[in-house]
Each structure stands twice: as structure tokens, then as C-alpha cells.
Amino acid sequence: MRIKILSAAILALVIAFTACQKDDPVIEPCNPCVNEDLIDAPYDPQPYQLELPDWFPAPALPEDNPLTVEGIALGRHLFYDPILSSDSTQSCSSCHNPQLSFTDGNKVSTGILGIDGRRSSMAIVNMAFNTKGFFWDGRAATLEAQALLPVEDHTELNDSWENVVKKLARHKDYPAMFRQAFGIEKKSEITKELAVKAIAQFERTMVSYQSRFDKVVWEQQGWPTDAEQRGRDLFFVEFATNTQDHPGCSHCHGSALFTENNYFNNGIDSVATLSDFKDYGLGEVSGNIYDNGKFRVPTLRNIALTAPYMHDGRFNTLEEVLDHYASGGHGVSNEDANIQPFTLNEQQKQDLIAFLNMLTDTSFVNNPAFQSPF
Ligand code: HEC
Ligand code: HEC
């Protein structure tokens, strides 16, 4: 029996060998000679220059992932493609919708399994300037490190990178796009590291600097309304003889970015001890109990578009946010000293909100370069 199988195998080999020996040009048998793994596409990446206004700080662009037109294009596709989820129903954009300044409008986000995450989606705005960690608690040091996590998070895309990379390698377009962006030669060289590099490149292009605030204040195009001007004075006042006029927002939401990406307890939780926060935030990452309940200060750019507010989406409106700050927090020991009670009359509240509305940048949310490429 064994001998029979062996001789049959030898016979097959001989036939195959003699088939290959034929002189006439055979097209058929040589098909397997084509290396299926090789990618047929040019590699000629074009450097991409971020357009920035002179009132912005310098971006923190990593040397090992320079922006290129091709890298950004690939990242944009990956960001909007449900191929990154195990059942092809969600992409990054499911929770980061450009019309909502790349948030999802929900209290907390829900992934493909219908399981609620514990936190509210974050705006993806002016990421290129943040060097102090990503997420509400700063647990990802870079945008590249951040982008690795949603794919395998079971409350988000719930796939494995191993599987996603396989899907990308057999896709009709992605191998060529990876080659154009990163110069790889074979499909088997597609990796999660390259995928997140491309996504991070795309995210770094999402710069918002054309709000009404920028136009009026920095470009001197037009004038603020009286309400906007009063609101601006309330927001930025650094010192006040009378705390009633001192909301102190700019202590933490200052600079051209309306955040300096620092971490604070802004007083939203009433807890008896520092171990009682439901979500430890920065404390979970640093292991320092004094950091419990501290979260990264979010930008206020496009804030009118990103309700509900705070890491757990607890406030539905900006009025509720202002009521919280005016109440002066709960006196928890690590609350920042700038969380102090103040009084705003109805007019002042509306003034502050008029000012916050000036930070809406419709040219950012409608920028064709940031929309789905599909
Ligand atoms: C199911 C909803 C969901 C999906 C899908 C999702 N995100 Fe998020 N994203 C969130 C939530 C919620 C947070 C905040 C989580 C936290 O702080 O723990 C967040 C945070 C972020 C941040 C941090 C922003 C900052 O200022 O620190 C970035 C960047 C980001 N997501 C990009 C992505 C990318 C890229 C993808 C796709 C690979 C993605 N997200 C997929 C919900 C989602
Ligand atoms: C001590 C620093 C500090 C001060 C002062 C401060 N904030 Fe905040 N702000 C924060 C932090 C930290 C968060 C995120 C907290 C969280 O989610 O748990 C936040 C969140 C917010 C949010 C929600 C943003 C989002 O994307 O969900 C708004 C709106 C806001 N602040 C507006 C203001 C206004 C208006 C003032 C002035 C009245 C102000 N803040 C004063 C630190 C501060």
C-alpha cells in the first residue's frame, strides 16, 4: 500500500518535471511562479506640510513617522473602514464622527457587541500638539500607541490585529496603499505598526484653527458681539478682586488650543476619600492615589458640537457644565485650587456660552479632507 502511494507520488513528480522541461513557451504552468506576495505599485511618497496659523504652538511630529500624502490617505481609509472590526459593522468613525468634532454624541460609547464602554468618546482635534498622553487618563503615550487599542478592545471593535492584518493583506487596494505609504514590497510586510502609523498621520492633519474666535481675535476679521466680548472677559480673567466674577476657565483651558493637556480633578465627584472615585482616571495609570479622579483637560474647541460632557458624559448641556463650575466642586482633597465657587447671573451664563460657541469651527468639521473616502 505504502509502496503504491510512493510510486504514484514519484510518477506525479516525473510528470510535473517533464512538463516544466518542455521548450515551447508555456504560460499556464508558470502562473505559480508569480510571487503572489509581491505588491505591484510605485513607491514615491510626497512629504506633507501641515498648514498652521502663527498663533499655534509647534506640532510634536515624531521623526519615525513623517507625514506623507500617501500615509495620510491610507490612514483616512483605515479610520473610516469597518474592516477594522470583527463583524465589519464599526470603524473608528462610528465613535468619532466629523460632524460632531469626531465624537459620537453619546454619554459613553458602545462597541460592536452592544456593550457600553465606561467613558465618553473624545474629540479628535489638534492631536498633533499633545505630548502629555492620550485618552482621558493619558494611558497611551502616542497616537500610534492609542490607535492599537480600539481594534482589540471588546467594548469597541473587538477584533485581533492578527486577523485585521490578514484582511488588509488580501484586500484589493490596501497592499498597494501600504506600499505607496511605507515602501514595503510584500503583502506579508503589512503590520499593525504600519497601520497605526498611517492612522496617526491622518489624525495629525486634523487641525482646527478657523473658528469665529480665530477670525475675530487673531485675524481681526470682524468684531465680537457684546455678549461674546463679555463672555471672553469672564473666561480669560486671571485675577479678580471679587471671586464672583472669576470662573477661571483659562487656568486649565488656556492657550490657543484651549487646553494644555494637563490633568486635574475639576471637582465633579463628591467622594469621601480618594479611593472612592468610580473611575480613577490618571490614578489608574500612575498608581498614585493622589491622581485618582484626575482627567486630562479636554480642548474647548468645537465644544458646542461635542455634548454630552466630561469623561462619563454626565452633563448634557453647557449650562449644566457652568452650573457645576459655579458650585465650586465638592472640596475633595485633590481638587484643583482653581475650582472655587462663583456666581453668574443668567446674562453672564449666556455670555460665557456665546463665547464658547465662538470656538465652533465649521470649516474643520466640513473639511472634505477629513470626511469618509468611501
Ligand atoms: C466604540 C467607540 C469607539 C471606537 C470604535 C473608537 N473609539 Fe476612539 N475613543 C473612544 C472613547 C470612549 C475614547 C476615550 C476612552 C478613554 O479615555 O478610556 C476614545 C479616545 C480616542 C482618542 C484619544 C483622544 C485624546 O485626546 O486623547 C483617539 C485619538 C481615538 N479615540 C482614536 C480612535 C481610532 C484611531 C479608532 C479606530 C482605530 C477609534 N478611536 C475607535 C471611542 C471609540
Ligand atoms: C482646574 C482646572 C479646570 C478649570 C478651572 C476648568 N476646567 Fe473645564 N475641565 C477640566 C477637566 C480636568 C475636565 C475633564 C474632567 C472630566 O471629564 O472628568 C474639564 C472638562 C470641561 C468640559 C467638558 C469637555 C468635554 O469634552 O466633555 C467643559 C465644557 C469645560 N471643562 C468647560 C470649562 C469652563 C467653561 C470653565 C470655567 C467656568 C472650566 N471648564 C474650568 C479642568 C478645568
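Student: Which residues come nearest to ligand 1?

Tutor: A residue is near a molecule if one of its heavy atoms lies within 4 Å of it. Of the 28 residues around ligand 1, those that come nearest are C92, C95, H96, F135 and R296. This is a predicted model, in which local features need pLDDT of at least 70 and side-chain atom pairs count only at pLDDT 80 or more, while totals for chains, interfaces and linings use all residues. Residues are numbered from 1 along each chain as its sequence is written, chains are lettered from A and ligands numbered from 1 in the order in which they are written, and side-chain values use heavy atoms, with hydrogens and water left out.

Student: Which protein donor does the iron atom of ligand 1 have?

Tutor: Donors are N, O and S atoms within 2.8 Å of the metal (3.2 Å for Na, K and Ca); water is not among the atoms, so sites may look incomplete. Here the only protein donor of the iron atom is NE2 of H96, at 2.1 Å. H96 sits in the loop between α3 (92-95) and α4 (143-152). Such names follow DSSP runs, numbered from the N terminus: helices are H or I runs of at least four residues, and strands are E runs of at least two.

Student: Which polar contacts does ligand 1 have with side chains?

Tutor: A polar contact is a pair of N or O atoms within 3.5 Å; within protein, one must be able to donate a hydrogen and the other to accept it, and residues adjacent in sequence count only if both atoms are side-chain atoms. A polar side-chain atom of H96 lies 2.9 Å from a nitrogen atom of ligand 1. The side chain of R139 places an N or O atom 2.9 Å from an oxygen atom of the ligand, and for the side chain of R296 the distance to a ligand oxygen atom is 2.8 Å.

Student: Which residues are closest to ligand 2?

Tutor: The closest of the 25 residues that surround ligand 2 are C249, C252, H253, H311 and Y325. The shell around ligand 2 divides into 19 nonpolar, four polar and two charged residues. Its largest share, four residues, comes from α12. Polar contacts are present here as well: a polar side-chain atom of H253 lies 2.8 Å from a nitrogen atom of ligand 2, and a backbone N or O atom of M310 lies 2.7 Å from an oxygen atom of ligand 2.

Student: Which residues of α2 are buried?

Tutor: Buried means under 20% relative accessible area, exposed over 50%, and partly exposed in between (1.4 Å probe, protein chains only). In α2 (residues 69-80), the buried residues are E70, G71, I72, L74, G75, L78, F79 and Y80. They pack against α3, α5 (161-169), α6 (174-182) and α7, where contact means heavy atoms within 4.5 Å. In α5, W161, V164, V165, K167, L168 and A169 are buried, and their cover includes α2, α4, α6 and α7.

Student: Why does T205 count as buried?

Tutor: T205 counts as buried because its relative accessibility is 8%. T205 belongs to the loop between α7 and α8 (212-218). A polar atom of its side chain lies 2.6 Å from the backbone oxygen of F202. Leaving aside neighbours within four places in sequence, T205 is in contact with Y48, L50, I72 and F370.

Student: Where is P308, and what does it touch?

Tutor: P308 is in the loop between β2 and α12. Not counting residues up to four places away in sequence, P308 touches G105, N106, K107, S120, G313, F315 and N316. P308 and S120 are 188 residues apart in sequence, yet their C-alpha atoms are 8.1 Å apart in space.

Student: How many helices and strands are in the protein?

Tutor: The protein has 14 helices and two strands, and buried residues make up 48% of its 374 residues.

How values were computed:
Ala, Val, Leu, Ile, Met, Phe, Trp, Tyr, Cys and Pro count as nonpolar, Asp, Glu, Lys and Arg as charged, and the others, Gly among them, as polar. The expected span of a helix is 1.5 Å times one less than its number of residues.
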